[in-house]
Amino acid sequence: MNKITILGSGTSTGVPILGCNCKVCKSTELRNKRFRTSALIESSSQKKILIDASPDLRTQLLRNKTDALDAIIITHDHADHTHGMDDLRPYGFKRSEPLPVFTDASAAKDLKRKFPYIFDRDNYFSGKAILGGGIPLLDLKITQAGPESIVDEPFEFFSLPHGHEDTLGILHQKMAYLVDCRQVPEAVLKRLSDAKLELLIIDCLRPNPHSTHLHFDLTLEYIERIQPKTAVLTHMGHEWDYLDLVYQLKKRGVKNTFPAIDGQSFLYSNA
Ligand SMILES: [Zn+2]
Ligand SMILES: [Zn+2]
């Protein structure tokens with residue numbers, strides 16, 4: 001079996017939000033504490049593949065006792081998915097080969113601009129020695145919508161409309177991971193429905209519509225179309241109280257759909 005662990009299920013601010021006094025942000029309910037969105041796949045072939053480098057990454061990986069990684073996928077270049085990049089540096093201490101970082105051409109361009117000392121090393125250091133504790137040993141691999149082999153694991157990517165750029169939707173074996181999108185295109189819905197998923201992890205920012213994310217009604221519409229065995233809601237804001245969301249799902253008669261909890265793992269088979 002393959003395993004995916006939700007390292008973080010929160011929107012860009014995390015929950016609680018700094019300075020917010022709302023019921024959810026002040027709540028003592030542990031299921032309302034959400035790190036920024038990241039996840040870790042542990043494949044049946046024992047490969048560890050990180051999805052996104054959130055600003056909470058170091059704490060997330062320590063809590064999950066992740067001693068090593070084999071590859072990283074960056075869904076898109078937004079701060080809440082990339083600014084933990086430097087926390088990956090210690091994984092390089094035990095490696096001679098760089099860790100591959102898969103992302104699309106647009107995000108790769110932004111990563112080079114934001115992290116020139118990691119991804120544009122030759123220009124940045126221009127012949128000077130790298131002093132001090134070194135830099136993260138990462139190697140950008142540009143990918144696009146379509147099949148991709150990552151450390152010999154079969155992946156398929158989809159382009160999902162988000163903000164000014166697209167996000168990479170991910171299909172791995174019987175699991176799909178769709179975050180940070182305002183819409184799931186028809187062809188992707190058909191592909192995922194045909195894939196007979198065991199697990200769908202999907203954006204569900206808040207109850208009301210949003211310009212760059214899925215909201216409750218649209219998320220549920222897509223789950224209904226894709227028909228996974230289990231659906232898990234992620235990238236949630238402080239509009240969602242965990243138990244209230246469970247109640248809302250029950251009230252609507254939605255089956256096998258759960259809000260994500262940070263640290264929670266799910267198993268899924270090979271395709
Ligand atoms: Zn995000
Ligand atoms: Zn985003």
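A search of the whole structure finds 10 salt bridges, and this briefing follows some of them through a model that is predicted. The protein chain carries 34 positive and 34 negative side chains, and the centres of these two sets lie 5 Å apart. Side chains of opposite charge can pair when their charged atoms come close.

**Overall form**

- The protein chain contains 10 helices and 14 strands, and its C-alpha trace spans about 65 × 45 × 35 Å along the principal axes.
- For a chain of 271 residues, a compact globule would have a radius of gyration near 18 Å, and the protein chain agrees with that expectation because its own value is 18 Å.
- Of the contacts in the protein chain that join residues at least 6 apart in sequence, 67% link residues that are at least 24 apart.

**Surface and burial**

- Buried residues account for 51% of the 271 residues in the protein chain.
- The accessible surface of the protein chain amounts to about 12600 Å², and carbon and sulfur atoms contribute 50% of it.

- Asp194 pairs with Lys190 in a salt bridge whose closest N and O atoms are 2.8 Å apart.
- Both Asp194 and Lys190 belong to helix H8, which covers residues 186-194, and they sit four residues apart, a spacing of about one turn of the helix.
- Asp194 has a relative accessible area of 47%, so this residue counts as partly exposed, given that the partly exposed class runs between the buried limit of under 20% and the exposed limit of over 50%.

**A salt bridge between separate parts of the chain**

- Arg252 and Asp217 meet through their side chains in a salt bridge, with an N to O distance of 2.8 Å.
- Because Arg252 lies in the loop between helix H10 (242-251) and strand S13 (257-259), while Asp217 lies in helix H9 (residues 216-226), the pair ties together parts that are 35 residues apart in sequence.

Definitions and conventions:
Residues numbered from 1 in each chain as written. Chains lettered and ligands numbered in written order. Predicted model: local features only at pLDDT ≥ 70, side-chain atom pairs only at ≥ 80, totals over all residues. Heavy atoms only, no water. Helix = DSSP H or I, 4+ residues; strand = E, 2+ residues; numbered from the N terminus. Rg over C-alpha atoms; globule rule 2.2 N^0.38 Å. Buried < 20%, exposed > 50% of the residue type's maximum accessible area, 1.4 Å probe, protein only. Contact = heavy atoms within 4.5 Å. Areas by Shrake-Rupley, 256 points an atom, 1.4 Å probe, with all protein chains shown as cover. Lys, Arg positive; Asp, Glu negative; His and termini not counted. Charge placed at Lys NZ, Arg CZ, Asp CG, Glu CD. Salt bridge = Lys/Arg side-chain N within 4 Å of Asp/Glu carboxyl O.
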